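Welcome, and thanks for opening the viewer. Keep the selection tool at hand, and we will go from stop to stop together.

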Amino acid sequence: MHSGVPATEPSWIDAEDKNPFSGIGKENTEFVPDADFLKKNPKLIGSPKLKITYDWKKIIKALSPEVTPPIFDIKIAGWLIDPDQKDMSLEALSKRFLKKDLISDKLLVLQELFLFLKIKIKEYGLEYVFNEIEMPLIPILAAMENCGVSINEKKLKELKSKLEITLKNLEKG
């Protein structure tokens, strides 16, 4: 089992002020490769450690856990840094930000992406948006998706009819 903490930092981390573990500490972080990791380590769900993974929403939906903050989502961080990209897969993020293909060790890729993205979020001044808006939204969106949405079919059909009439009137002009 992986300890969840990088053994060494990538060579591009050279300045003290760019240390992504600043204020956190390596001992207070845990990398979560997938939902199975949380199943095997259920105490981590309520842990005060920073829990880092790719796509927290998917994991929360699969397990329905109440994950205690803090969390860090690689997928959301990648989107926040480069929102114009359509492909936010782990492989695409690895190629885009690390300039390397996804290797077999997913944990190593998570660690390197975290180190890179944490620095970029700080560099771009997006810490508030990431920590106070994006991360708290993840469990809310997961719960909404698990619950679904109730539709009033009668009202929807009425609205459709009204919109069709309005559209025809606009087309006539």
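**First stop: a charged trio**

Select lysine 61 and glutamate 145: their side chains meet in a salt bridge, 2.6 Å from N to O. A salt bridge here is a side-chain nitrogen of Lys or Arg within 4 Å of a carboxyl oxygen of Asp or Glu. Lysine 61 sits in helix H2 and glutamate 145 in helix H6, so this pair ties together parts that are 84 residues apart in sequence. Helices (H or I, at least four residues) and strands (E, at least two) are DSSP runs, numbered from the N terminus.

Before moving on, a word on what you are looking at. This is a predicted model, in which local features need pLDDT of at least 70 and side-chain atom pairs count only at pLDDT 80 or more, while totals for chains, interfaces and linings use all residues. Residues are numbered from 1 along each chain as its sequence is written, and side-chain values use heavy atoms, with hydrogens and water left out.

Together, Lys57, Lys61 and Glu145 are linked in a network of salt bridges.

Are these residues buried or exposed? Lysine 61 is partly exposed, with a relative accessible area of 31%. Lysine 57 counts as partly exposed at 26%, and glutamate 145 is partly exposed at 39%. Buried means under 20% relative accessible area, exposed means over 50%, and partly exposed lies in between (1.4 Å probe, protein chains only).

**Second stop: another salt bridge**

Select lysine 49 and glutamate 30. They form a salt bridge, with 3.5 Å between the closest N and O atoms. Lysine 49 is in the loop between helix H1 (35-40) and strand E2 (50-53), glutamate 30 is in strand E1 (residues 29-31), and the two are 19 residues apart. Glutamate 30 is buried, at 9% relative accessible area, whereas lysine 49 is partly exposed, at 27%. How many salt bridges does a search of the whole structure find? It finds eleven.

Leucine 141 is partly exposed, with a relative accessible area of 36%.

Show helix H3 (residues 74-81) beside H6. Their axes come within 11 Å and cross at roughly 135 degrees, and H3 and H6 are therefore oblique to each other. Axes are lines fitted to C-alpha atoms, for helices over the stretch in contact, and angles run from 0 to 180 degrees between N-to-C directions. Angles under 35 degrees count as roughly parallel, over 145 as roughly antiparallel, 65 to 115 as roughly perpendicular and the rest as oblique. The crossing of H3 and H6 is right-handed. A crossing is left-handed if the near helix is turned anticlockwise from the far one by less than a right angle, and right-handed if clockwise.

Next, bring in H4. H3 and H4 pack at an angle of about 50 degrees, with their axes 11 Å apart. That makes H3 oblique to H4, and H3 passes H4 in a left-handed crossing. Helix H4 (residues 90-98) also packs against helix H5 (residues 106-123), at about 50 degrees and with the axes 10 Å apart. H4 and H5 cross in a left-handed way.

While in H4, select leucine 93. Leucine 93 counts as buried, at 0% relative accessibility. From its C-alpha to that of aspartate 82 the distance is 9.7 Å, and leucine 93 and aspartate 82 are eleven residues apart in sequence.

**Last stop: the whole chain**

Zoom out and colour by secondary structure. The protein has seven helices and three strands, and from the N terminus on the elements run β-α-β-α-β-α-α-α-α-α. Of its 173 residues, 39% count as buried.
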